[in-house]
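Welcome! Here is a friendly briefing to read alongside the sequence and the 3D view. Take a moment to look around before going on.

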There are 4 protein chains.
Amino acid sequence: MSTGELDLAQARAVLAAQPFAQHVGTELTEFGAGTATLRIVLRPELKQQFGFAHGGVLAYAADNAITFAAGTVLGANVLTGGFSITYLRPASGVGIRAVARVQGATRSQAVVNCELHAEHDDGDAVLCATAQGTVRVVERRL
Amino acid sequence: MSTGELDLAQARAVLAAQPFAQHVGTELTEFGAGTATLRIVLRPELKQQFGFAHGGVLAYAADNAITFAAGTVLGANVLTGGFSITYLRPASGVGIRAVARVQGATRSQAVVNCELHAEHDDGDAVLCATAQGTVRVVERRL
Amino acid sequence: MSTGELDLAQARAVLAAQPFAQHVGTELTEFGAGTATLRIVLRPELKQQFGFAHGGVLAYAADNAITFAAGTVLGANVLTGGFSITYLRPASGVGIRAVARVQGATRSQAVVNCELHAEHDDGDAVLCATAQGTVRVVERRL
Amino acid sequence: MSTGELDLAQARAVLAAQPFAQHVGTELTEFGAGTATLRIVLRPELKQQFGFAHGGVLAYAADNAITFAAGTVLGANVLTGGFSITYLRPASGVGIRAVARVQGATRSQAVVNCELHAEHDDGDAVLCATAQGTVRVVERRL
């Protein structure tokens with residue numbers, strides 16, 4: 001993997017190696033060509049006091065999806081510089097889907113947009129939050 | 001509690017009622033006068049693949065601390081509109097401390113700044129990320 | 001105009017009533033269905049010391065385009081709560097084009113994505129920055 | 001100036017070399033030790049249609065102040081990666097003051113907080129917006 005490029009199976013192995021992604025219960029369902037999609041089953045332990053997904057779960061999902069989407073373009077050696085998230089609606093239903101897409105990239109960085117949808121058991125998906133983040137290539141030093 | 005004002009014990013009860021805050025292991029250590037501090041013991045399940053705190057844990061902590069800090073000024077009926085976070089350094093050590101302070105507020109909203117520190121077992125704290133968020137009063141409707 | 005809805009001519013009149021938009025030299029070229037596009041001729045007074053568009057011009061354009069795009073969905077009585085902007089490349093060429101699109105909206109707020117392109121005299125457009133903002137309906141009180 | 005360090009007079013010369021800063025009418029009043037303050041007289045051409053400072057003026061001022069504050073710590077060869085701004089109140093009065101402070105820095109980047117105050121002719125200053133930005137050192141290549 002000298003080029004730093006990843007396929008879906010390798011990217012899933014990276015996610016599986018992140019204990020917090022496992023603690024939340026995150027699955028990578030799409031990875032490639034500037035896009036990454038994460039899915040999280042909305043178990044009771046991911047909620048806040050009113051029964052909706054905790055805002056922190058959406059923020060975590062945005063962070064993780066943004067980094068993976070950038071990885072499809074910049075390779076495996078990347079670092080997320082930060083992101084901003086806007087909450088639009090409370091997220092209820094059976095799952096959270098974070099769909100991140102690279103909006104633009106140079107050789108050294110990418111800006112990534114992420115939509116966070118609440119999935120309902122009738123198949124409906126409702127946009128609950130959007131995020132925008134920056135990811136940079138980490139230079140390897142000898 | 002007709003005024004919507006909270007003291008530390010009541011705010012801790014709110015945090016205890018958030019299943020995700022418990023799933024992460026969050027403790028409210030300071031609450032009042034425009035400030036809220038959260039502490040999270042950096043257990044293995046909160047890390048990423050290189051042994052540092054997962055960026056999503058810092059983002060979650062920022063979200064939660066920002067909302068509580070705003071609650072000290074705006075009362076209990078608030079909603080976080082969004083926030084932005086910038087990562088400065090990887091967070092290692094024994095714990096994460098999120099210190100949020102209201103930077104300005106009107107009757108209907110507050111802007112809140114949050115510093116995320118990594119705590120080391122020698123007592124040192126290192127700034128790892130900063131965040132800025134907006135919290136609004138939710139109007140009660142009959 | 002009791003509904004608060006605007007067409008392109010009316011939206012242009014709003015822009016023409018903003019002295020700073022005129023001071024910069026901003027033109028509204030598209031307005032409707034969740035989208036607004038602004039164009040700014042890159043005159044010498046809009047540059048920084050290296051001959052590129054000043055970052056503040058891009059930030060101004062994002063602010064203004066985001067508000068107009070939200071206005072196509074939420075009506076004329078809106079207020080921009082804030083936005084975040086990421087700079088990807090220096091902007092050179094003959095003009096700046098800010099294309100804002102509503103990514104999601106409720107009855108009371110919209111999240112808007114904005115792409116800032118540098119236009120070159122050969123017709124090329126290069127993505128130089130992206131922004132994401134929040135716009136809320138201002139309630140009229142008697 | 002081999003170290004890239006600037007004093008107030010040199011920083012003012014940098015600002016004076018930015019045509020857009022002059023077009024807006026920006027003055028650098030403080031520069032050093034992690035802080036930079038800009039002042040802008042609120043002339044009619046900087047306003048929006050209701051007589052307040054245009055949001056884009058505040059956004060421009062945040063961008064410029066953040067970069068200068070980072071320059072006090074990182075030296076002259078820096079690039080602003082982006083920022084987020086939250087509007088708290090409309091800005092009226094006689095001037096805008098943007099006070100930026102480095103909140104944390106490594107050798108390669110700084111996170112900077114910025115408060116935007118409206119100055120009134122009775123000497124009062126009212127917080128109208130806050131911003132947070134990231135500035136990176138630009139590596140010189142031979």
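How many bridges join strand S2 of chain B to S4(B)? Seven bridges join strand S2 (residues 35–41) to S4(B), and the two run antiparallel. What you see is a predicted model, where local features need pLDDT of at least 70, side-chain atom pairs count only at pLDDT 80 or more, and totals for chains, interfaces and linings use all residues. Residues are numbered from 1 along each chain as its sequence is written, with chains lettered from A and ligands numbered from 1 in the order in which they are written.

**Around S4 of chain B**

- Helices (H or I, at least four residues) and strands (E, at least two) are DSSP runs, numbered from the N terminus, and two strands pair if DSSP finds at least two bridges between them.
- In the pairing of S2(B) with S4(B), Leu38(B) stands opposite Ala98(B).
- S4(B) also pairs with strand S5 (residues 109–119) of chain B, in the antiparallel sense over ten bridges, and here Arg101(B) stands opposite Asn113(B).
- S4(B) and S5(B) form a hairpin, with three residues between them.
- Strand S4 (residues 95–105) of chain B is largely enclosed by the rest of the structure, because eight of its eleven residues are buried (20 or more other C-beta atoms, placed from the backbone, within 10 Å of a residue's own).

**Where chains A and B meet**

- The contact takes 28 residues from chain A and 28 residues from chain B; two residues are in contact if their C-beta atoms, placed from the backbone, lie within 7 Å.
- On the chain A side, helix H2 (19–24), helix H3 (55–74) and strand S3 (78–87) each give two or more residues, and S3(A) gives the most, with eight residues.
- That side of chain A divides into twelve nonpolar, 13 polar and three charged residues, where Ala, Val, Leu, Ile, Met, Phe, Trp, Tyr, Cys and Pro count as nonpolar, Asp, Glu, Lys and Arg as charged, and the others, Gly among them, as polar.
- S3(A) pairs with strand S3 (residues 78–87) of chain B in the antiparallel sense over five bridges, and Phe83(A) stands opposite Ile85(B).

**The sheet of chains C and D**

- An open sheet of twelve strands, with antiparallel pairing, has the order S1(C)-S2(C)-S4(C)-S5(C)-S6(C)-S3(C)-S3(D)-S6(D)-S5(D)-S4(D)-S2(D)-S1(D).
- Its edge strands are S1 (26–32) of chain C and S1 (26–32) of chain D, each pairing on one side only.
- Within this sheet, S5 (residues 109–119) and S6 (residues 125–137) of chain D run antiparallel and are joined by eleven bridges, with His117(D) opposite Leu127(D).

Definitions and conventions
Buried ≥ 20, exposed ≤ 12 C-beta atoms within 10 Å, placed from the backbone.
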